[in-house]
Amino acid sequence: QVQLVESGGGLVQAGGSLRLSCTASGRTFADYHVGWFRQAPGKERVFVAGISSSSSGGSTSYADSVKGRFTISRDNAKNTLFLQMNSLKPEDTAVYYCGTRRSVLTPYDFWGQGTQVTVSS
């Protein structure tokens, strides 16, 4: 079992920044691939950014819609995942979730409760 708790969401004007955090417990955080997803009202949950386990090199990947604006990072000592979001747009408005998976061949199997991000125009 793993518990994930997101924080850092809120209301921001277009062009602003937010930093999301996801704190994990119950697993050896460094061993797992972790990522951020988001779900806008009436839409499916979609991938935003991911970072591989430390043993896999900590490589990152991003959805095209956020490349150059969002940065994912992890602090294994603090069991925490981050998402720095800059140059926010109204279309970034969504509930943001963090998730973990054991390998790139398995689905994300644990999720946090989500944190709301609202970007006003």
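Because the model is predicted, local features need pLDDT of at least 70 and side-chain atom pairs count only at pLDDT 80 or more, whereas totals for chains, interfaces and linings use all residues. Residues are numbered from 1 along each chain as its sequence is written, and side-chain values use heavy atoms, with hydrogens and water left out.

The description begins with an open sheet of four strands, arranged in the order β1-β3-β8-β7 with antiparallel pairing. Strands here are DSSP runs (E, at least two residues), numbered from the N terminus, and two strands are taken to pair if DSSP finds at least two bridges between them. The edges of the sheet are formed by β1 (3-7) and β7 (70-75); each has a single partner strand, so one side of each is left without a neighbour in the sheet. From one strand to the next, the twist averages 15°, where axes are lines fitted to C-alpha atoms and angles run from 0 to 180 degrees between N-to-C directions. In general, the strands of a sheet pair through backbone hydrogen bonds, either parallel or antiparallel.

Strand β8 has partners in both β3 and β7. Six bridges join β7 to β8 (residues 80-85), and the two run antiparallel. Within this pairing, Thr 71 has Gln 84 as its bridge partner, and Ser 73 stands opposite Phe 82. Towards β3, six bridges again form an antiparallel pairing, in which Leu 18 is the bridge partner of Met 85. Five of the six residues of β8 are buried, so the strand is largely enclosed by the rest of the structure. Buried here means under 20% relative accessible area, exposed over 50%, and partly exposed in between, with a 1.4 Å probe and protein chains only.

The hairpin of β7 and β8 has four residues between its strands, and within it Asn 79 takes a positive phi near 50°. Asn 79 is not a glycine, and with a relative accessible area of 23% it is partly exposed. Ser 87, in the loop between β8 and β9, likewise has a positive phi of about 50° although it is not a glycine. At 40% relative accessibility, Ser 87 counts as partly exposed.

The structure holds one disulfide, defined as a pair of cysteine sulfur atoms within 2.5 Å. Cys 22 is joined to Cys 98, with an S to S distance of 2.0 Å. The torsion about their S-S bond is about 60°, so the disulfide is right-handed. The pair links distant parts of the chain, with Cys 22 in strand β3 (residues 18-25) and Cys 98 in strand β9 (residues 94-101), 76 residues apart. Both Cys 22 and Cys 98 are buried.

What is the size of the largest nonpolar core, and which residues have the most contacts inside it? The core has 27 residues, and those with the most contacts are Trp 36, Val 48, Phe 70, Leu 81, Leu 83, Met 85 and Tyr 96. Such a core is a set of buried Ala, Val, Leu, Ile, Met, Phe, Trp, Tyr and Cys residues joined through side-chain atoms within 4.5 Å. Two or more residues each come from β3, β4 (33-39), β5 (46-51), β7, β8, β9 and β11 (115-120), and the largest share, four residues, comes from β3. Beyond its neighbours within four places in sequence, Val 48 is in contact (heavy atoms within 4.5 Å) with residues including Trp 36, Phe 70, Leu 83 and Tyr 96.

Two buried polar residues lie in loops. Asp 92, in the loop between β8 and β9, counts as buried at 1% relative accessibility. Its side chain makes a polar contact with the side chain of Arg 38 (2.9 Å); a polar contact is a pair of N or O atoms within 3.5 Å, one able to donate a hydrogen and the other to accept it within protein, and residues adjacent in sequence count only if both atoms are side-chain atoms. Not counting residues up to four places away in sequence, Asp 92 also touches Arg 69, Phe 70, Ser 87, Val 117 and Val 119, among others. Asp 92 and Val 117 are 25 residues apart in sequence and 7.6 Å apart in space, C-alpha to C-alpha.

Ser 52 lies in the loop between β5 and β6 (60-62) and is buried, with a relative accessible area of 7%. The side chain of Ser 52 reaches the backbone nitrogen of Gly 58 at 3.0 Å.
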